[in-house]
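Keep the structure open while reading.

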Amino acid sequence: MPEAQSIQMPKFGQTVEESTVVAWRKKEGDQVAKGEVLFEIETDKATLEVESFLEGTLLKILVKEGQTVPVQSVVGFIGKPGDSVPEVKAPVAAPKPAVGSAGPPKQASVPGPTGVGLSAPSAAVSAGVPAPPGRLKISPRAARLAKEKVIDPSGISGSGPGGRIVEKDVISYLASRGYDRLRITLAARNLAAAQHLDVLAIAGSRSGSRITVADVRTAMAERPKAMSKMRKVIAQRLTHSFTTTPHIFVTVSTDMTELMGLRVKLKKKGVPYTVTDFIVKAVIMSLKEFPGVNSSTDGESVRWRANVHMGVATSLEEGLVVPVVRLADDMTIAELHDRIVEVVRKAREGKLLPDEMSGSTFTISNMGMMNVENFSAIINPGESAILAVASTTSAPVVRDGKIVVRSIMKMTLSADHRIVDGAMAAGFVNAIKNRLEDIGLWKSMT
Amino acid sequence: MAMKYPNYLSDTRPDVTPFEIDCGKIPAYVYRDSLKGEIDSGRLTAADAIALLEDMLIIRELEQMIVTVRSGMYDPIKNFDYRGPTHVSIGQEATSVGACSGLAATDKITTTHRGHGDSLAKGTVVIRTLDDEELRKRVPLSKAQTREALLEDALEEHVYRTIAELFGKEDGYCKGRGGGMHIADFSVGHLGANAIVGGGVPIATGAALAQRYLKSGAATCCFAGDGAYANGVVLESLNFAAQHQFTNELAGELKFGLPIIFFITNNHYGMTHRSNDEVMGVSNLARRAAGFSDDNMHAEVVNGMDVLAVRDAVMRASEKCRNGEGPCLLDVSTYRYYGHSLSDPRNEYRTREEEASWKETDPIERLKTQILDLGIASQSDLEAVEERVRQRNARAGVRAAKAADPLAEDVIKYMYTDSTSEELPSRTPSTQIIIALPEIKRKDGKLTYRDAIKEALVEEMARDSRVILYGEDVADYGGAFKGTKGLLEAFGRDRVFNTPISEACICGSAVGAAMAGLRPVVELMYMDFSLMASDQISNQAAKWHYMSGAQIEVPLVVRASVGGGKGYGGQHSQTLESIFAHIPGMYVVYPATPYDAKGLLKSAIRDNNPVMFVESQLLYGVSDTVPSDDYLIPLGVADIKREGSDITLVTWGPAVRDALKAAEELAAEGVSAEVIDLRCLVPLDIQTVLRSVQKTGKCVVVSQAIHIGSFTGEVASTIQEQAFDYLDAPIRRVGAKNGIAPQSHILEAAFLPNAADILQAAREIL
């Protein structure tokens with residue numbers, strides 16, 4: 001009997017390690033043509049459709065909707081009806097070590113070759129089986145007591161087998177939290193129960209007095225919401241960067257008067273370059289001058305990057321993405337403009353491919369549209385600097401001894417101080433400034 | 001050798017004088033008479049002859065209806081969706097009508113999966129004998145003004161209730177619970193068709209045993225096919241029925257052969273195999289009788305295609321039964337025109353020429369010809385009879401098709417009966433004490449478990465003369481475990497007797513005896529032997545109340561003793577109550593203490609459900625307080641043997657003692673364990689268990705049964721279904737290893753669960 005061919009979880013992009021099957025578009029038994037969409041996946045960055053490289057019948061779905069598996073794991077099989085499907089267990093995402101867990105949990109012994117407890121006078125102890133990650137290990141009785149008391153048992157430490165929370169743990173937790181002294185109206189208690197709130201947490205906000213429905217409503221309004229997957233990634237990456245990379249910040253003011261004038265003229269001629277386009281071009285040119293800024297470090301070595309892959313931070317409703325203009329080095333301003341428009345549009349539509357969201361060597365974050373005087377940004381992991389571009393505002397400046405009104409834009413470079421010294425940072429930002437103020441340069445390009 | 005009734009000491013000396021066994025002669029086809037002779041001699045009237053014809057026509061018409069209705073072609077109810085078996089007996093009508101017309105109305109029958117004919121004939125024959133008042137009871141709504149019209153209504157009702165049963169309707173004889181293969185009408189002495197080949201034969205034997213004991217004068221005609229006469233329980237029954245002790249001096253004043261006719265409906269095919277020259281070694285099954293009885297059971301080979309010959313043979317046999325000369329055996333040769341069922345085209349195993357030759361001797365045509373030849377009726381008279389039968393069947397069929405189905409929510413209604421024999425019927429004969437009741441010695445108010453059982457038996461047998469006790473070695477010897485010692489002397493051999501080593505027939509005959517009005521207690525010695533009787537316990541005893549649509553109750557007790565723990569090895573040590581708890585219809589009781597043993601056995605004997613009463617040989621010697629009062633312990637009420645609050649130990653049987661030991665040790669550790677003795681697995685008192693688990697949150701279920709498939713699993717799963725939110729830990733089960741009981745006491749100690757195992761399980765969840 002021929003063997004069915006396996007379908008793999010594709011690896012979209014260098015940094016994607018695992019992906020979640022969001023939806024299967026085909027059922028087991030469906031015919032699948034080459035190029036037809038088989039299923040949708042979600043990486044930590046985007047939702048994507050996966051097309052079939054194979055033709056045949058979808059014989060088996062191994063990874064169900066909602067399951068997360070490492071890339072290149074087998075997710076199903078395609079073949080001819082009757083082909084043998086190898087016995088493969090559904091792959092699982094590598095377990096993330098739980099906070100405070102001491103070593104791997106013990107696996108329950110499986111009694112007998114047929115699993116029917118051939119020798120044991122009593123069944124295998126279910127207590128030895130680790131709870132799936134994210135699932136609170138609690139006995140039904142303890143859970144019932146917690147529910148009856150309208151408390152959240154997740155913070156209680158379990159004394160039962162395998163750390164299971166059992167009734168006595170809840171009882172001693174209640175005692176330690178002074179549950180007996182808790183005063184709450186019946187209506188408030190019922191509402192809290194219906195809303196799955198913890199009356200002890202509500203009590204914490206108003207110690208002493210009786211908890212009322214109003215207190216519960218406040219707690220409902222303030223109930224923490226789970227972060228989106230994207231937000232979690234952002235939080236994790238920014239925290240990592242800001243806590244492991246020593247940042248320095250260098251700010252310059254740039255006179256944008258003439259460039260803005262040129263931009264208006266170009267726009268009238270139907271060439272809609274944005275301020276970003278000019279800044280990106282100026283940055284690319286300056287990076288060629290200061291290759292030390294176009295680099296990264298792991299703390300042990302420094303890696304100068306041969307090309308510029310320009311990240312353009314783009315704000316979306318649900319968070320921030322950084323679409324990447326790859327190989328931006330040799331692009332004309334016109335090419336840059338088109339490419340930036342394209343990746344930003346894809347970012348807004350959620351259609352960026354993983355490779356279009358990773359691998360940038362430098363990032364520009366432009367808040368010029370948002371009326372800010374100045375700001376500093378956190379370096380994207382894997383890069384050594386980020387340029388924060390503020391709004392261009394009319395400001396009185398001194399030119400040739402006279403106070404004149406000019407269009408001034410502040411830019412702040414955040415740089416990894418381990419590999420970018422203050423002087424290099426200053427030289428680099430001034431190189432950008434000088435280019436932006438050199439109207440001849442731009443006239444020659446446009 | 002002098003013998004004092006009822007006891008008997010064998011004193012058979014060796015005697016090797018040469019001699020020959022003479023099996024005698026078994027006559028075949030002795031009936032040479034005709035309709036003319038029957039009428040001339042006054043054994044039949046002209047009207048009787050027409051009735052015989054009509055009764056055969058009723059069978060053929062109804063079975064032809066089954067054949068055509070199956071294909072949607074029965075005109076009166078075209079396209080009716082008949083679901084059910086199609087074992088028709090067309091061709092065999094003379095056997096049914098001849099036999100039933102040769103019986104008295106009060107005689108009993110049992111029949112087979114191919115039993116429509118027997119069932120119809122027993123009904124029509126009895127109905128024809130009823131007076132107007134009795135007829136009105138069968139058709140209370142009849143508006144008939146004349147006897148003739150009333151009889152017609154009663155016959156139509158009979159056909160209607162038969163068809164309604166085939167169609168699974170609430171108006172069927174068994175309320176649609178039995179169907180054609182289990183149809184029964186106890187009101188006419190029809191104790192049931194049986195879909196287990198041979199399964200009805202021990203039941204008939206037991207019914208005959210009851211008639212003998214009750215001195216009712218009724219015979220039992222046991223219809224079974226030739227195929228059944230290769231079946232173990234049938235051969236057991238032949239031997240059981242022919243026991244010398246029923247007719248020799250052991251019987252004392254009640255010397256009376258079992259009044260049973262083993263009527264072999266020999267259509268020469270067991271489903272499709274040939275009995276004559278293929279799967280048996282005798283050409284005539286009548287020869288079987290010679291193997292079981294010195295008088296060959298008065299066996300004859302009878303022409304089953306001649307209703308008069310069959311009637312004659314059954315009349316003579318039933319007369320013998322009434323004279324105490326039973327059992328009788330009739331090998332009645334007949335022919336099944338259709339196949340085993342409608343899905344059998346008969347092509348593979350017999351010729352069309354063979355079929356044609358038998359049809360030449362068609363019983364209906366044969367009687368018609370004689371009627372016409374004698375001028376009893378004209379051709380048009382007979383056509384009128386045929387038309388009447390056809391129209392009656394059509395009307396009944398139409399009514400049955402339209403009749404109400406049983407309510408789906410009543411699917412398990414009639415599983416058990418609530419009734420008991422708490423009140424004795426006024427006509428129950430009083431008990432006679434032959435010598436004296438056995439002396440049961442109490443020490444400080446204490447009895448052994450063994451004596452508690454004996455005391456229960458003594459009290460119940462003294463109270464109710466319908467309670468009889470039999471089994472292997474229960475009489476003179478007093479039982480393998482001496483639980484019945486002294487009962488023979490107290491109640492006599494007609495109530496306490498040894499049986500052949502025929503577990504299936506012991507249990508099956510108890511079913512028949514129970515159906516016929518007795519309350520048998522049978523003993524199986526080791527519970528392992530219950531598997532020899534598993535059909536009779538599981539398919540017969542357990543099912544008949546339901547399958548009959550609650551027409552009949554089967555009040556019997558099967559006592560089975562568990563030998564585990566004595567080093568008796570794999571076939572004498574099993575704890576099998578879980579198997580019978582899985583068979584709906586049986587009660588399963590397993591006492592753990594002498595007090596419970598007495599109270600539960602007395603309740604079991606008085607209950608009108610069949611009860612599997614399990615005893616433990618480990619407990620027989622255990623003593624405890626047992627009141628000498630007449631007290632009952634209700635079935636299905638668990639007992640809290642020790643109260644506690646931290647953990648619940650649910651158990652039954654000898655494991656109760658281990659659980660109590662474990663509870664004692666836990667108490668020393670400051671853990672308060674509650675021990676619940678279920679006492680009955682069916683009915684199960686789960687509420688007591690749930691209340692306890694709600695209190696403690698932790699539970700260990702313990703029995704001596706091997707782990708896999710043990711009733712402990714049923715208890716555990718019911719707890720988690722109904723008290724999940726109260727559980728503070730997984731429910732643990734403790735049982736014997738999933739193995740076979742070994743002989744070595746070292747191995748058996750490792751095999752069986754003990755208090756330490758219970759403690760370990762408890763500690764793991766505390």
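## The mixed sheet of chain B

In this predicted model, chain B has an open sheet of five strands, ordered β16-β18-β17-β20-β21, and its pairing is mixed. The edges belong to β16 (639-642) and β21 (732-736) of chain B; each has a single partner strand, so one side of each is left without a neighbour in the sheet. Going from strand to neighbouring strand, the average turn is 25°, direction ignored.

Inside that sheet, β17 (residues 647-651) and β18 (residues 673-677) of chain B run parallel and share five bridges. To find your place in this pair, look for Leu649(B), which sits opposite Val675(B) in β18(B). Helix α21 (residues 655-668) of chain B packs on the sheet, where it touches β16, β17, β18 and β20 (699-706) of chain B. Its direction makes about 170° with that of β18(B). Then there is helix α23 (residues 711-723) of chain B, which lies across β17, β20 and β21 of chain B and runs at about 160° to β20(B).

## The parallel sheet of chain B

Chain B also has an open sheet of five strands with parallel pairing, in the order β1-β2-β3-β7-β6. Which strands stand at the edges here? They are β1 (108-110) and β6 (300-303) of chain B, and since each has a single partner strand, one side of each is left without a neighbour in the sheet. The twist from one strand to the next averages 25°.

Strand β1(B) runs parallel to β2 (residues 220-225) of chain B, and three bridges join the two. Within this pair, Lys108(B) is found opposite Thr220(B) in β2(B). Helix α10 (residues 307-322) of chain B lies across β2, β3 (260-266), β6 and β7 (328-333) of chain B, and it runs at about 170° to β7(B).

Take α7 (residues 200-214) and α16 (residues 503-515) of chain B: they pack at about 55°, and their axes are 6 Å apart. Angles from 65 to 115 degrees would count as roughly perpendicular and those under 35 as roughly parallel, so α7(B) is oblique to α16(B). Their crossing is right-handed. On the α7(B) side, the contact includes Pro202(B), Ala204(B), Gly206(B) and Ala207(B), while the α16(B) side includes Ala504(B), Gly508(B), Ser509(B) and Gly512(B).

Another pair is α6 (residues 147-166) and α13 (residues 379-402) of chain B, which pack at an angle of about 45° with axes 8 Å apart. That makes α6(B) oblique to α13(B), and the crossing is right-handed. Residues of α6(B) in this contact include Leu155(B), Glu156(B), Val159(B) and Tyr160(B). From α13(B), the contact includes Arg392(B), Arg395(B), Gly397(B) and Arg399(B).

The hairpin of β17(A) and β18(A) has two residues between the strands, and Asp400(A) takes a positive phi near 50° in it.

Chain B averages a pLDDT of 96, with 99% of the residues scoring at least 70. For chain A the mean is 85, and 87% of its residues reach 70 or more. Watch residues 95-131 of chain A, where the pLDDT is below 50; this stretch still has 52 contacts in the model beyond near neighbours in sequence. Where pLDDT is low, the predicted coordinates should not be read in detail.

As for the model as a whole, the ipTM is 0.74 and the pTM is 0.77.

Notes: Residues are numbered from 1 along each chain as its sequence is written. Chains are lettered from A and ligands numbered from 1 in the order in which they are written. This is a predicted model: local features need pLDDT of at least 70, side-chain atom pairs count only at pLDDT 80 or more; totals for chains, interfaces and linings use all residues. pLDDT is the predictor's confidence in each residue, from 0 to 100. Two strands pair if DSSP finds at least two bridges between them. Helices (H or I, at least four residues) and strands (E, at least two) are DSSP runs, numbered from the N terminus. Axes are lines fitted to C-alpha atoms, for helices over the stretch in contact, and angles run from 0 to 180 degrees between N-to-C directions. Two residues are in contact if their C-beta atoms, placed from the backbone, lie within 7 Å. Angles under 35 degrees count as roughly parallel, over 145 as roughly antiparallel, 65 to 115 as roughly perpendicular and the rest as oblique. A crossing is left-handed if the near helix is turned anticlockwise from the far one by less than a right angle, and right-handed if clockwise.
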